Amino acid sequence: MAHGWIILDKPLGLGSTQAVAAVKRNLREAGYGKKVKVGHGGTLDPLATGILPVALGEATKLAGRMLDATKAYEFTVKFGEETDTLDLEGAVIATSDVRPSRGEVEAVLPRFTGPIEQVPPAYSALKVDGERAYDLARAGVDVQLKTRSVTVFDLQLLDFDPEAGATLLATVSKGTYIRSLARDIAHALGSCGTVTMLRRIKAGPFDLSHAISLDKLNEFGKGAPLEQILLPLEAGLDDIPALNLDPEQARAVRQGRVLTGMPQEDGLYCAYEGTVPVALVQLTDREVRVVRGFNLSDVAE
């Protein structure tokens, strides 16, 4: 069985579902059959590129945690036009003659750093009365989404061109929509704007140094060893301290029993028996409880 992460540098024009399908196809072609579970840790629009963590096997149990992880994006907002999708895919719904200067862009960024409120784009995967917002928007429904609280941990101006617009780097909490951030920055500058480039450069512990291209993925399907592209399951937990267990403790954790009398500080840990991840656990008041167990006994043997 294959357990771990393939970090794909998703190309332009490919949806996240198509990217996962490409991984599944290559796994089948490499002889892994249909038994390997595959999931992804965070959707990217077809017009976005960059980090798409794809979880295999037991790592799929961590995909939800990856959805909640801090992420970083580079994006360009071009001023003067706003589309209904807030990117190049949509139709223009507003225009402005206002073109802010570099200094004006830099001056407004602190207003969008820290905890902020934003309205998600109408063209998003959020559900309204059980329907995807983008399906309703495409059907001509006037979609009204609720304001949500998100956090922008860091926001920097990387480049500026009077015609092409401002290229920014944003490090954000889960649930943050970059297209909405770009729209709101443009409005704050007395203009309107559209995202013309969006690239995710970090998701949780993964960055572009971990990523492989679609061409590299296809090489694996043609016979290249899986080890060349697969990161271990615990790579998705690099930001969590390790908790080393003896064989008896590991057996108890695998059975879902509570460990008591542990001396470590309270917090989330990745419990190991030797080098094998046993479970994601929560330690509270010297007691260890399983959050997510990993069935990697075949690896230990």
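Visitor: How do you know that strand β4 and β11 pair, and in which sense?

Guide: Welcome! This is a predicted model. Two strands pair if there are at least two bridges between them. Strand β4 (residues 71–79) and β11 have seven bridges, in the antiparallel sense, so they count as a pair. K71 stands opposite V172 in β11.

Visitor: Why is strand β11 described as largely enclosed by the rest of the structure?

Guide: Look at residues 165–172, which make up β11. Buried means under 20% relative accessible area. Seven of the eight residues of β11 are buried, so the strand is largely enclosed.

Visitor: Why is L47 called partly exposed?

Guide: The relative accessible area of L47 is 35%. Buried would mean under 20% and exposed over 50%. Because 35% falls in between, L47 is partly exposed. You can find L47 in the loop between β2 (38–40) and β3 (48–56).

Visitor: Which residues form a nonpolar patch with L47?

Guide: L12 and L88 do, and together with L47 they have about 310 Å² of accessible area on the surface.

Visitor: Which residues lie nearest the centre of the largest pocket?

Guide: T43, L44, D45, A125 and Y177 do, out of 35 residues that line the pocket. Among the elements giving two or more residues to this lining are β4 and α1 (16–29). The volume of the largest pocket is about 980 Å³.

Terms used:
Residues are numbered from 1 along each chain as its sequence is written. This is a predicted model: local features need pLDDT of at least 70, side-chain atom pairs count only at pLDDT 80 or more; totals for chains, interfaces and linings use all residues. Side-chain values use heavy atoms; hydrogens and water are left out. Patches are made of residues with over 30% relative accessible area and no salt bridge: like charges are joined within 9 Å, nonpolar side chains (Val, Leu, Ile, Met, Phe, Trp, Tyr) within 5 Å. Accessible areas come from the Shrake-Rupley method with a 1.4 Å probe; for residues, only the protein chains shown count as cover. A salt bridge is a side-chain nitrogen of Lys or Arg within 4 Å of a carboxyl oxygen of Asp or Glu. Helices (H or I, at least four residues) and strands (E, at least two) are DSSP runs, numbered from the N terminus. Buried means under 20% relative accessible area, exposed over 50%, partly exposed in between (1.4 Å probe, protein chains only). On a 1 Å grid over the protein atoms alone, a cavity is a set of points where a 1.4 Å probe fits but cannot get out, and a pocket is an open set with protein on both sides within 12 Å along at least five of seven lines; lining residues have an atom within 4 Å of a point. Grid points are joined across faces, edges and corners, and a volume is the space filled by probe spheres set on the points.
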